[in-house]
Amino acid sequence: MSGIKSITDPLYGSIELTETEAKLVSSRSFQRLHNVRQLGLAHLVFPSAGYSRFAHSVGALHNASRMLDAISKNAQKIDCGRKSAYRIAALLHDVGHYPFSHATEHTLADYYAGSLFKDSQLTRRDGNADSINHEDVGALVLSAGSDIRKILVAASDVDVSAIESIFSARAADPLFGLISSDLDCDRLDYLARTSHLGGVPYGNVDVDFIISKSTLGAAGQLAFESKAAKAIDHMLISRYYDYMQMVHHKTVEALEWSLSETIKFVLDHEHGLLSRAYVENEIEEGTWWRIDDSWFVDKLKSHEGRAQDSAGLNVMRDHLAAVLYRRPAKRVWKWEVVRDRSDRQVGIQKQLTEKIVDSVAAQMGIERERFWVNERSFKFVKLSEVETTNAGFEEERAKSVLLNTRKGDKFLVECDDLILKTLAKMRNFAVNVYYLPIQDEPKSVRMEVRRRLSAELDS
């Protein structure tokens with residue numbers, strides 16, 4: 001492919017774009033991604049990790065293209081039309097992300113489903129409101145009258161229906177794993193970019209070698225030559241450490257708790273904001289491009305006075321300060337283990353922790369809303385053998401990393417010489433307790449909270 005425009009990237013050097021891709025990148029809906037951070041609030045802990053979904057999306061296109069070139073070399077020729085569709089699908093895969101990415105999306109889903117409404121400050125709510133995930137938002141951007149849609153329809157070298165099928169996960173094309181799987185173009189960029197720009201070493205894996213071994217399985221699905229097995233094993237284990245050290249860093253988690261609480265606060269006062277109907281209207285009106293991180297920060301600032309002026313909103317005042325001025329909650333207790341994926345202890349541990357936190361808050365006269373008991377589980381891979389009877393097994397299996405060996409196709413988690421065969425049956429479980437101090441509160445209060453929780457929960 002001969003590009004007409006190039007973008008200089010710190011990971012890959014020069015990334016070439018076709019005329020249509022260059023137009024897409026220059027559209028308002030795509031330029032918006034400059035102002036949507038890939039890692040939410042992680043930059044408040046790792047200052048150089050504030051890279052955008054714009055940079056990541058261009059990187060995903062580059063990796064998709066390299067993978068397709070490797071498949072053409074190692075297995076069979078990928079025709080230009082199919083390659084173009086996958087390059088554009090990779091480029092646009094994040095175009096539907098909300099401000100602050102996953103933190104906002106998850107909060108919206110829970111809020112409009114009602115599970116968060118019991119904690120909201122007001123009682124006003126539209127019972128018919130619903131949320132929409134970022135993949136479906138992206139599909140809407142492609143199907144509605146957006147600037148991106150107009151560019152695609154006008155392009156003579158683009159099969160719009162093929163891109164829509166890939167983008168909306170309806171594709172029968174077995175190469176869909178290139179866009180969504182344990183080892184897709186997205187993850188191959190994310191880990192390396194986070195490592196390089198965030199200043200953390202966990203993603204320093206041999207991405208170039210892995211990509212060069214892209215091939216096809218017996219059914220034409222995305223696979224990798226067995227020579228890359230150890231490098232893939234290393235990458236997926238590195239991903240675990242990246243998540244534990246950055247995404248689930250205690251201060252990042254604390255900040256995203258406060259972000260979630262402040263999002264709820266705004267939703268309580270701006271009825272229907274970012275609901276399905278709201279998003280659909282923004283896309284139809286051609287104004288989706290304005291919905292970015294800065295837009296939502298302005299929302300938070302506009303509601304800051306309401307919290308400051310109300311004696312009953314002291315907790316919300318401190319949540320807003322956490323997000324806007326980096327005054328995060330503190331982790332005051334933790335429980336973390338790596339165990340079999342079927343282990344039920346984490347649920348029991350959370351219930352026990354909730355009761356103890358209730359007791360300590362009451363004893364010390366602290367508002368219970370200042371505590372958050374966060375339960376977390378992390379899968380090392382999307383699939384393990386213990387899930388064979390679960391609903392959705394076939395879909396999970398289709399997303400697993402497939403190796404092309406001399407003896408035929410084999411899933412990565414079936415290889416006796418790889419660590420992930422064991423880890424696929426495991427999960428990292430954690431229960432963390434966070435406490436949001438009152439502004440200018442003496443540190444001794446937090447230390448007493450920690451002491452009392454430890455006395456009850458560590459015994």
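Q: Which strand is Lys330 found in?
A: Lys330 is found in strand 5, residues 330-340, where strands are DSSP runs of E with at least two residues and helices are runs of H or I with at least four, both numbered from the N terminus. This is a predicted model, in which local features need pLDDT of at least 70, side-chain atom pairs count only at pLDDT 80 or more, and totals for chains, interfaces and linings use all residues. Residues are numbered from 1 along each chain as its sequence is written, and side-chain values use heavy atoms, with hydrogens and water left out.

Q: And how does Lys330 count by relative accessibility?
A: Lys330 counts as partly exposed because its relative accessibility is 32%; buried means under 20% relative accessible area, exposed over 50%, and partly exposed in between, with a 1.4 Å probe and protein chains only.

Q: OK, salt bridges next: how many does the structure hold?
A: The structure holds 27 salt bridges, each being a side-chain nitrogen of Lys or Arg within 4 Å of a carboxyl oxygen of Asp or Glu.

Q: Which side chain does Arg290 meet in a salt bridge?
A: The partner of Arg290 is Glu282, at 2.8 Å from N to O. Arg290 is partly exposed, with a relative accessible area of 32%, whereas Glu282 counts as buried at 6%.

Q: What about Asp318, which residue is its partner?
A: Asp318 forms a salt bridge with Arg370, at 2.9 Å from N to O. Asp318 lies in helix 15 (residues 314-325) and Arg370 in the loop between helix 16 (345-364) and strand 6 (371-379), so the pair ties together parts that are 52 residues apart in sequence.

Q: Are those two buried or exposed?
A: Both Asp318 and Arg370 are buried.

Q: Switching to strands, which way do strand 3 and strand 4 run?
A: Strand 3 (residues 214-216) and strand 4 (residues 222-225) run antiparallel and are joined by three bridges; two strands pair if DSSP finds at least two bridges between them. Leu216 has Leu222 of strand 4 as its bridge partner.

Q: What sits in the turn there?
A: The two strands, strand 3 and strand 4, form a hairpin with five residues between them, and Gly220 in the turn has a positive phi of about 85 degrees.

Q: In which sense does strand 4 pair with strand 7?
A: Strand 4 pairs with strand 7 (residues 402-405) in the parallel sense, over two bridges, and Glu225 stands opposite Asn404 in strand 7.
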